[in-house]
Amino acid sequence: MKTSLTTLLAALALTAAASAASSEKICASIKSDGYTPDQIVEACSNVIRDADYPGVKAGAYYNRGNAYFDKKDWDNAISDYDHALGLRPNYPSAMLNRGIAKKHKGDNAGGDADIAAAKAMKPGN
């Protein structure tokens with residue numbers, strides 16, 4: 001009985017690890033990889049929930065924001081870019097995309113400010 005329980009627990013651990021790896025792969029993908037924005041949103045939500053490192057969470061928020069952007073869901077896209085920038089303040093891609101999303105939403109001044117700030121950032125810092 002003890003061996004069966006140990007085997008079951010090991011199998012569950014492997015399944016969870018495989019699922020996490022799959023979510024990370026899908027979250028890091030783009031539409032041209034064959035995943036829908038909804039699949040990317042779900043996968044990135046799993047990564048955000050499970051990630052231990054702020055850099056991983058920032059990337060997942062950014063990627064999920066991009067999926068919302070593709071869906072023209074500007075409010076959720078902006079919110080996710082805000083979260084990404086909160087975790088990684090010098091994130092030019094997130095700042096730029098937030099600016100573009102703001103402009104799509106009609107906030108031209110806010111969008112222009114974000115785009116200018118993105119251009120002023122040094123990538124990788």
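## Basis of the model

The model is predicted: local features need pLDDT of at least 70, side-chain atom pairs count only at pLDDT 80 or more, and totals for chains, interfaces and linings use all residues. Residues are numbered from 1 along each chain as its sequence is written, and side-chain values use heavy atoms, with hydrogens and water left out.

## Overall architecture

The protein has six helices and zero strands, and its elements follow the order α-α-α-α-α-α from the N terminus. Helices (H or I, at least four residues) and strands (E, at least two) are DSSP runs, numbered from the N terminus.

Of the 125 residues in the protein, 36% are buried. Buried means under 20% relative accessible area, exposed over 50%, and partly exposed in between, with a 1.4 Å probe and protein chains only. Contact means heavy atoms within 4.5 Å. Among contacts between residues at least 6 apart in sequence, 38% join residues at least 24 apart.

Helix H2 covers residues 37-50, and its 14 residues should span 20 Å at 1.5 Å a residue; the end C-alpha atoms are 20 Å apart, which agrees. The expected span is 1.5 Å times one less than the number of residues. Pro37, Ile40, Val41, Ala43, Cys44, Val47 and Ile48 are the buried residues of H2. Asp38 also belongs to H2, but counts as partly exposed at 48% relative accessibility. Its C-alpha atom is separated by 9.8 Å from that of Asp70, 32 residues apart along the chain.

H2 packs with H3 at an angle of about 160°, the axes being 9 Å apart. H2 is therefore roughly antiparallel to H3. Axes are lines fitted to C-alpha atoms, for helices over the stretch in contact, and angles run from 0 to 180 degrees between N-to-C directions. Angles under 35 degrees count as roughly parallel, over 145 as roughly antiparallel, 65 to 115 as roughly perpendicular and the rest as oblique. The crossing of H2 and H3 is left-handed, a term for a near helix turned anticlockwise from the far one by less than a right angle.

The contact of H2 with H3 comprises eleven nonpolar, two polar and four charged residues. Ala, Val, Leu, Ile, Met, Phe, Trp, Tyr, Cys and Pro count as nonpolar, Asp, Glu, Lys and Arg as charged, and the others, Gly among them, as polar.

## Packing of H3 on H5

Helix H3 (residues 54-70) and helix H5 (residues 92-105) pack at about 25°, with axes 11 Å apart. This angle makes H3 roughly parallel to H5. H3 passes H5 in a left-handed crossing. Tyr62, Asn66 and Phe69 of H3 meet Ser93, Ala94, Asn97, Ile100, Ala101 and His104 of H5. By class, the contact of H3 with H5 has five nonpolar, four polar and no charged residues.

Tyr62, in helix H3, is buried, with a relative accessible area of 15%. Tyr62 and Ala28, 34 residues apart in sequence, are 9.7 Å apart in space, C-alpha to C-alpha.

Asp114 lies in helix H6 (residues 108-120) and is buried, with a relative accessible area of 6%. Leaving aside neighbours within four places in sequence, Asp114 is in contact with Met95, Arg98, Gly99 and Lys102.
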